[in-house]
Amino acid sequence: MAEPFLIAIPEDRLAVIHAKVEAFDWSIMPDAEDWRSGVGLADLKRLVDYWLTRYDWRAQERRLNLLPQFAAEVQGQRLHFIHVRGDGSRPPLLLLHGWPGSFLEFEALIAPLVADGHDVVVPSLPGYAFSGRPVSPIGPKQTAELMHGLMVELFGTRRYLVQGGDWGAAIGGWMAHAHPDAIAGLHLNMVLLQAKDVAPKKPDEVAWAAKRAELAKEETGYSQEQGTRPQTLGVAMSDSPVGVAAWILEKFGAWADVPRDAHCRPDLWQAFDEDLLLTNIMLYLVEGSFVTSTWMYRGRVLEGSGNFPAGTRIAVPTGIAAFPDPVFPPPPRSQAEKTYDIVQWTEMPAGGHFAALEQPDLLLADMRRFFASRSVSDDAPKRSIVLRSAGIIAATLAAAAVYTRATTRRIKQDVPADGRFIDVAGARIHYVDRGAGPPIVLIHGLGAQLRNFSYGVADALADTYRVILVDRPGSGYSVPTGEQSGILGQSAIIARLIDKLALDRPPLLVGHSLGGAVALGVATHHPGAVAGLALLAPMTQPPGSIPASVANAIESNPGARAIFANLLGTPISRAAYGMRWGKIFAPDAVPADFATRGGGGLGGRPVSVNAALVELASAEIDLNAIVRRYAELSIPVALLYGRDDRVLAPAIDGERAVAAIPGATLEMTDGGHMLPVGHPQASAAFVRNCAERILQ
């Protein structure tokens, strides 16, 4: 009986992995000709640096948990799998990964296949990720029985489809061999198995066999080790996350269809990003499954399942997507047809071993064409309109999740982190530290990032002052280490950051918009942390824009908030980008490069959407608490607003604050709400004047 499954890795397990990665001794690693003799150390170091400074497993965990996951016991073996339901109009579809991949490979394919009507099932192979450890090594033949058993448990006697590459191709082949009546169609992006008595005869077949044999001499050392001594390898790898990363990264670099220079160095970053690679690696680490993932190789040797028996003919209609795998090149069609009933053969123009990750659109189009062909049929009755509608909704949400992941990846490429990272209680803070002299700390507003000060404010100040630009927790590249904090929680984190940076004197704190509220929280609740406040269009009063019941619901339901942010936050934010920022900037124009130079694009990521929701919900309660302490402030406080600000009213937020804070001053300038971007000279002059009065 399948039960719902949720990924929830204990914090102490993550801490152990992080500590071992951090402790790895790079000084003992000489470079053996870069990628000529294994993994390239420069690429591995790049990945490990990202792992230590920017990678967020919890964010990936939340994203993966949006997929409906289950666990079931099949023939005594625990199996973890994704199951997204379609409308039942097409046969169920089983997607099988290989090594060193994971169920993660198929994420981009699930939504469109569900939209086509398929129930899509994506298991973790036994011994991989969250599927339990086998009692002893098992190979693809025995695994095929487990996969068939899973499909029978889910769909009874209904015929189903299978797609696979790498081990998935071998497992799918053995499923078709043993259960031809159960499988309506077999789609492969790698021909791994053939009948034992099949031999190459035609010139192109002989040439292919010779090329495969030559490649095997250089490229299959890992397979020999995993197929003969996986236990010894497991002992070595079980204590070294960096070792596991190197072992796996080398295969992604060697097997992907990417450009290579004269020194054999692959440009693997053209096909994969750090978050994808690290999440795949973490799936081998969080449950300690790297060791048992290699057992498939030993199991193949023990059960003799590297070939079909002599005389075998797979009768199941088969489609082959022949990708130009640089290490495992596909055979000529004539060679494959000696074993399989091939009804569709496609020579792919690009894409290597990890086809679902490298060329998902090509693979999807080929699968759809094959599954829609007359050769693949299923006589299951059509489902009701209710189930069809449910399938469409599920597919839409899954598509939104895939869109979010792809868009987030592009945003991070367009707007990379450009500063340093420091851990403080409650967050890992990203900041930029420039110049020398008396310190000034600048904090951005809602849905923004430290690059908001890049239009001239930071440059104008850095020639005289030490300027520290900070991403608030949940914004830019700063990430909370626990739940997202509101305004007062962020004020505490900023106060700790100031202390940890060991500035030679209390700084002038500059806050824009909601960053102004955070700055006021620092001054009122952490006296002595700052020398004064220079606030640009600050939020100083409870906005009164969110009913208390709604604010409480947002703050008290982190799970629902995360689901919204990860599924719908990015699509909505991207669709409304122009309108949203247009209103915030008005009457000033939004700079054409604001998404990149100003960091505006980063506000569309799920983590930033989630942060903005929490910050707005906290504004009512937290700002009430801050306002009550205005009269206690004894440091200089200056406020600057644009005369045409259409977000905050200077007559309310400005004049009420000045009336309540002893000695506070209020100035006006031309422009709207986004003063640091739209009017950087006026903003910089205001901050400089404040600094000269306070810090000199």
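Predicted model: local features only at pLDDT ≥ 70, side-chain atom pairs only at ≥ 80, totals over all residues.
A salt bridge joins Glu-615 to Arg-472, with 2.8 Å between the closest N and O atoms. Glu-615 belongs to helix H24 (residues 606–627), whereas Arg-472 sits in the loop between strand S13 (466–470) and strand S14 (479–480), so the pair ties together parts that are 143 residues apart in sequence. Arg-472 has a relative accessibility of 0% and is likewise classed as buried.

This pair is one of the salt bridges in the structure, which holds 25 of them. Another links Asp-275 with Lys-412, where the closest N and O atoms are 1.9 Å apart. Here the partners come from two helices, Asp-275 from H11 (residues 274–285) and Lys-412 from H17 (residues 385–414), so the contact ties together parts that are 137 residues apart in sequence. Asp-275 is buried, its relative accessible area being 12%. Lys-412, at 19%, is also counted as buried, because the limit for that class is under 20%.

With a relative accessibility of 13%, Asp-273 counts as buried. Its side chain makes a polar contact with the side chain of Arg-409, at 3.4 Å.

Arg-597 is partly exposed, with a relative accessible area of 38%. Asp-593 is also partly exposed, at 29% relative accessibility. Side chains of opposite charge can pair when their charged atoms come close.

Salt bridges also occur as a network, in which Glu-11, Arg-58 and Glu-61 are linked. For residues 3–106, an unreviewed UniProt entry gives the feature "domain: Epoxide hydrolase N-terminal". Over that stretch, the chain is 33% helix and 20% strand. The C-alpha atoms at the ends of residues 3–106 lie 21 Å apart.

Conventions: Residues numbered from 1 in each chain as written. Heavy atoms only, no water. Salt bridge = Lys/Arg side-chain N within 4 Å of Asp/Glu carboxyl O. Helix = DSSP H or I, 4+ residues; strand = E, 2+ residues; numbered from the N terminus. Buried < 20%, exposed > 50% of the residue type's maximum accessible area, 1.4 Å probe, protein only. UniProt positions renumbered as here; feature names shortened; annotations may be inferred. Polar contact = N/O pair within 3.5 Å; in protein donor to acceptor, adjacent residues only side chain to side chain.
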